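User: I would like to learn how to read a few features from a model, one at a time. Please give the general idea and then the case at hand.

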Amino acid sequence: MADLEELYREIILDHYRSPRNRGELPPPAHRVEGFNPLCGDEIVLSLLVEDDVVADVKIAGSGCSISQSSASLMSAAVKGKSVAEARKLVATFKQMMSIHEATLDDATEEPEPINLRALGELAALQGVVKFPVRIKCATLSWNTLTQGLDELGA
Ligand code: ZN
């Protein structure tokens, strides 16, 4: 388990130091901003949806290592995916992030099993659930993506 945590830490640091899909896209890409006032994290998401596919995505903004590495991981995970696949990934990711709250609320109920394999590198962020104050850092870019897709009617 220690090795796995080490690997997860390395994935998060790698995406923080070398963020993927960094920058902004020119119009007609859709621009949407997300803000996490609890930590001061900002995400500026540029989103290009073509034929129900997330054709391109870029991330700008600044914030803590969790928020920025999560945004980088998100961009790499959804780029080139269909809108339906991207939304499904958002749901699975948010399920992973909420499981701690769910188990706290009702300890007698077994949490839904999560398909960690479907999450790939994103599973690296599961350690964040141990620090509830950081969960909003990790989910910021995902909520911003959902907002962008909603605004596009995608
Ligand atoms: Zn943060």
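This is a predicted model: local features need pLDDT of at least 70, side-chain atom pairs count only at pLDDT 80 or more; totals for chains, interfaces and linings use all residues.

User: How many helices and strands does the chain have, and in what pattern do they come?

Analyst: The chain has five helices and three strands. Along the sequence they follow the pattern α-β-β-β-α-α-α-α.

User: How should I read the length of helix α5?

Analyst: Compare the expected span with the distance between the end C-alpha atoms. Helix α5 covers residues 135-152, which is 18 residues, so at 1.5 Å a residue the span should be 26 Å. The end C-alpha atoms of α5 are 26 Å apart, in agreement with that value.

User: Where is the kink in α5 centred?

Analyst: The kink in α5 is centred on Ser141 and amounts to about 30°. Ser141 is also one of the buried residues of α5. Others on that list include Cys137, Thr139, Trp142 and Gly148.

User: Take two of these. Is Gly148 buried or exposed, and which residues does it contact beyond its sequence neighbours?

Analyst: A residue counts as buried when its relative accessible area is under 20%. Gly148 has a relative accessible area of 0%, so it is buried. Leaving aside neighbours within four places in sequence, Gly148 is in contact with His30, Val32 and Leu47. Glu33 is 115 residues from Gly148 along the chain, yet their C-alpha atoms are separated by 8.7 Å.

User: And is Thr139 buried or exposed?

Analyst: Thr139, also in helix α5, has a relative accessibility of 8% and therefore counts as buried. Not counting residues up to four places away in sequence, Thr139 touches Phe93 and Met97.

User: What share of the chain is buried, and what share of the contacts join residues at least 24 apart?

Analyst: Buried residues make up 40% of the 154 residues in the chain. Of the contacts between residues at least 6 apart in sequence, 65% join residues at least 24 apart. The accessible surface of the chain is about 8400 Å², and carbon and sulfur atoms account for 53% of this area.

User: How do strands β2 and β3 run, and how many bridges join them?

Analyst: In a regular strand the side chains alternate between the two faces of the sheet. Here strand β2 (residues 41-50) and strand β3 (residues 53-60) run antiparallel, joined by seven bridges. The hairpin has two residues between the strands, and Asp51 takes a positive phi near 50°.

User: Which residues are the protein donors of the zinc ion?

Analyst: The zinc ion has Cys39 (SG), Asp41 (OD), Asp41 (OD), Cys64 (SG) and Cys137 (SG) as protein donors, at 2.2 to 2.7 Å. The spacing of the donor residues is C-x1-D-x22-C-x72-C. Cys39 sits in the loop between β1 (30-36) and β2, whereas Cys64 sits in the loop between β3 and α2 (65-78), 25 residues apart.

User: How accessible are Cys39 and Cys64?

Analyst: Cys39 has a relative accessible area of 38%, so it is partly exposed. Cys64 has a relative accessible area of 15% and is therefore buried. Cys137, another of the zinc donors, is on the list of buried residues of α5.

Definitions and conventions
Residues are numbered from 1 along each chain as its sequence is written. Side-chain values use heavy atoms; hydrogens and water are left out. Helices (H or I, at least four residues) and strands (E, at least two) are DSSP runs, numbered from the N terminus. The expected span of a helix is 1.5 Å times one less than its number of residues. The bend at a residue is the angle between axes fitted to the seven residues ending there and the seven starting there. Buried means under 20% relative accessible area, exposed over 50%, partly exposed in between (1.4 Å probe, protein chains only). Two strands pair if DSSP finds at least two bridges between them. Contact means heavy atoms within 4.5 Å. Accessible areas come from the Shrake-Rupley method with a 1.4 Å probe; for residues, only the protein chains shown count as cover. Donors are N, O and S atoms within 2.8 Å of the metal (3.2 Å for Na, K and Ca); water is not among the atoms, so sites may look incomplete.
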